[in-house]
Amino acid sequence: MIGYVDGTSPLHRAHPYTTLALSGALLFGAFALTRPLEVGLLVLTAVLFAATGRVLRSSAQTALLLSLPIWILLFVLHGLLGAEPRMAFGPVALSVPGIARALVLGGRVTAIVLGFLTALATVSPHRLVEAMTADGVPFGRTFLLASTLTVLPRMRERATQILEAQQCRGLRLGGSIVARLRALGPLALPLVLGALAEVDEQVLALDARGAAGSARRTALDPPPDSRAQHALRWALLALVAAAYAWKFWRMRG
Amino acid sequence: MNGCDVRLEGVRYAYGAREALRGVSLRIGAGEQVALVGPNGAGKTTLTRLLVALRRPGAGRVTVGDWEVAHKRPDEMAQRVGYVFQHADHQLFARSIRDDVVFGPRRLGRSEALVPGVLEEMGLAAAAGLHPYDVPAPLRKLVALAGVLAMEPCVLVLDEPTAGLDRVQRDRVVSALQRRAEAGVTVLAVSHDLGFVAEVAARVVVMGDGRIVADRPARELLYDREALAALGLRPPPTVEISGALGLRGSPVRTTEVVAVMGGIRWKQMPE
Amino acid sequence: MIRPTSLRDLVLIRLGVAVNLVIGQIVAALLLPVYLDSVGTILVAALVGPRAAITVGLVSQVLNAVISGNFSWLPFALVQVVIALYAAAAARLGLFRRFATAVPAGIGMGLLAASCSAPISYFLFGGVTAGGVTVVTTVLRALGAPLGVAVASASFATDLLDKAIACALVSVVLRSLPGTLAARFPALAR
Ligand SMILES: Nc1ncnc2c1ncn2[C@@H]1O[C@H](COP(=O)(O)OP(=O)(O)OP(=O)(O)O)[C@@H](O)[C@H]1O
Ligand SMILES: [Mg+2]
């Protein structure tokens, strides 16, 4: 499951920025860690994060599903095709450094995806927009965030309709690569031209609703923040910075 | 032109777990004009999509003439069935209205000789050189209809063809369909607009919750107030007028009502 | 970043993002070996300008990550910025006016994009990212090419094809604009 899941866990109750900062720290921290053991700890942290949000089961399931293809490819790319020395593993000889590398890269991706899914499941989009508005984030950015997500399904439906309609006018989707490239015109043009033709109408509608370019809206229901959370976010930033400092110091040494 | 008959036998279709068609059997004879009505979500659009191979039935059989639809792709079905989408104005892409109308016949390898006549029929002859996105959306819908008519299909399937059109535009659609009916084209039109149904259909199939709940001659159903009320519909204006005046012979089309009324005046004048 | 974005620009940015994210549906239906997921960015670069196009690229990348649930694509946002700037420059030079110039412009864009994405893909993910690139990488690797070379050639091949087609498509779109619409984009006349 990808998307917000209603709940009352600490992550749900925390200020949206705090939860996002935690998953951001996982993302940036992941690239600072380079050894299998460190990455193991990272994955454990991501698991704890998801458990705190009480979305471990669904998030872990999705995260594993999403990173499975990457694990398989990593295994082939590094484990089977990696450098010497090799270790016999049943019928195949696996590259020892390759496997270590696959574990690091795969663990990283899994931890990042798990952290991200957890944030997605526990940060309510509404509270996030409220928090951003209360922070004085200009209308434009919150508009883009919220309204793009609402136009996407409509555009998708349009694309489906166009695909169906042109086929019913005799357009074949298969055939030679040249024929398929030529079919891009009748399929992509109506999507783009139709959307462009609606721009002015949409601008008028938004204007009528008083959404002037840089106007600021007052947040109606800003989520509560606290000193402790504020401090936590700064601490996370410091932690990530320290991790990178350590990484570069070690690389030099 | 030879008409093609359309048959559905025990057809079922589900979108995931949502059953949209729960066993539909329907036969539309070659050259017959049928309207498909019913509440939102009844499965009307789903049924029409099966006819052009855009969806494959989960069970049952669909045939158009001697073609087994299950063995065809939508672009192959286009040789026989012309499909006018509800949002047909979304499909235009050429740089002029004429070029867009020509697209279908060209794709099917057919003659483009019909194009000027079809443009004329839709009242687009003067606008043929304009860019389709330089004309209003309802006109774009007529352009799309013209594009399908120019393909010379032997079965015409239309989903809400009159939605969003004004009186004049709607009348153009009506006369175009009446002309096709005279030429023996099979017509299946999905519509909520009973005035339109009265003009173009001889038979009305009513769907409800994925099933066919009624299948009656238009002349009969459009006069059955109770049956219509059960569908949340009211008789079309022609039927209201004819009912109020007590006209004989259950006229449903405007031309029929005019003819009957003309007859009455002629008889009653001497008194 | 000082000039406030007009409402119209915002709506166009949203359109560009939507095109970037939805065009894949058409590409997939045609089974083309490309993504074309920067068509919206290139289009907005030509219609509005570099600033709006960069926003389109960045927002698309973030939303792509949100929707797919795959956060690991985020670092490729850098590539989107490069594409936006290049496309705006190409539009300024009028390269999208004709097919004959749009396709070479696309190949140039592909070279540039690949030079940015190959190192990201190599250093951050050891050559593994979702999609066709990875398959090409794996095949090349199996044929004996060193990992760095495999990643680079895979990115280059896909990016060149992808951007050449994307630019050609944008060129067709720009030439297909109805007169009334084209007149509303002063950036086009330049
Ligand atoms: N693409 C789809 N995915 C999932 N469910 C769908 C889809 N299209 C239709 N349905 C569902 O299938 C049922 C039948 O839909 P259909 O569009 O055939 O109805 P309809 O009779 O044409 O209705 P309307 O008068 O609103 O156009 C509805 O319950 C609808 O929600
Ligand atoms: Mg419908």
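Trainee: What area is buried between chain A and chain B, and what percentage of the area do carbon and sulfur atoms give?

Mentor: The model is a predicted one. In this model, 18 residues of chain A are in contact with 23 residues of chain B. Carbon and sulfur atoms give 61% of the area buried between the two chains, and that area is about 2000 Å².

Trainee: Which three residues supply 38% of the area that chain A buries against chain B?

Mentor: A share of 38% is more than any other three residues supply on the chain A side. The residues in question are A:Glu164, A:Cys168 and A:Arg169.

Trainee: Which residue of chain B forms a salt bridge with A:Arg169?

Mentor: The count of salt bridges between chain A and chain B is two. In the one formed by A:Arg169, the closest N and O atoms are 3.0 Å apart, which lies within the 4 Å cut-off. The partner is B:Asp100.

Trainee: Which element gives the largest share of the side of chain A that touches chain B?

Mentor: Two elements of chain A each give two or more residues to this side, namely α7 (139–168) and α8 (177–197). By class, the side has nine nonpolar, five polar and four charged residues. The largest share, eight residues, comes from α7(A).

Trainee: What distance separates the centres of domain 1 and domain 2 of chain A?

Mentor: The domain assignment of chain A gives domain 1 as 10–128 + 224–252 and domain 2 as 137–208. Taken over C-alpha atoms, the centres of these domains are separated by 35 Å.

Trainee: Which residue has a polar side-chain atom 2.4 Å from an oxygen atom of ligand 1?

Mentor: The residues around ligand 1 include B:Tyr15, B:Arg18, B:Lys44 and B:His192. B:Asn40 places a polar side-chain atom 2.8 Å from a ligand oxygen atom, while B:Gly41 has a backbone N or O atom 2.8 Å from an oxygen atom of ligand 1. The residue with a polar side-chain atom at 2.4 Å is B:Thr46.

Definitions and conventions:
Residues are numbered from 1 along each chain as its sequence is written. Chains are lettered from A and ligands numbered from 1 in the order in which they are written. This is a predicted model: local features need pLDDT of at least 70, side-chain atom pairs count only at pLDDT 80 or more; totals for chains, interfaces and linings use all residues. Side-chain values use heavy atoms; hydrogens and water are left out. Domain bounds come from an automatic or database domain assignment. Contact means heavy atoms within 4.5 Å. Buried area is the accessible area (1.4 Å probe) that two parts lose on being put together, summed over both. A salt bridge is a side-chain nitrogen of Lys or Arg within 4 Å of a carboxyl oxygen of Asp or Glu. Helices (H or I, at least four residues) and strands (E, at least two) are DSSP runs, numbered from the N terminus. Ala, Val, Leu, Ile, Met, Phe, Trp, Tyr, Cys and Pro count as nonpolar, Asp, Glu, Lys and Arg as charged, and the others, Gly among them, as polar. A residue is near a molecule or strand if one of its heavy atoms lies within 4 Å of it. A polar contact is a pair of N or O atoms within 3.5 Å; within protein, one must be able to donate a hydrogen and the other to accept it, and residues adjacent in sequence count only if both atoms are side-chain atoms.
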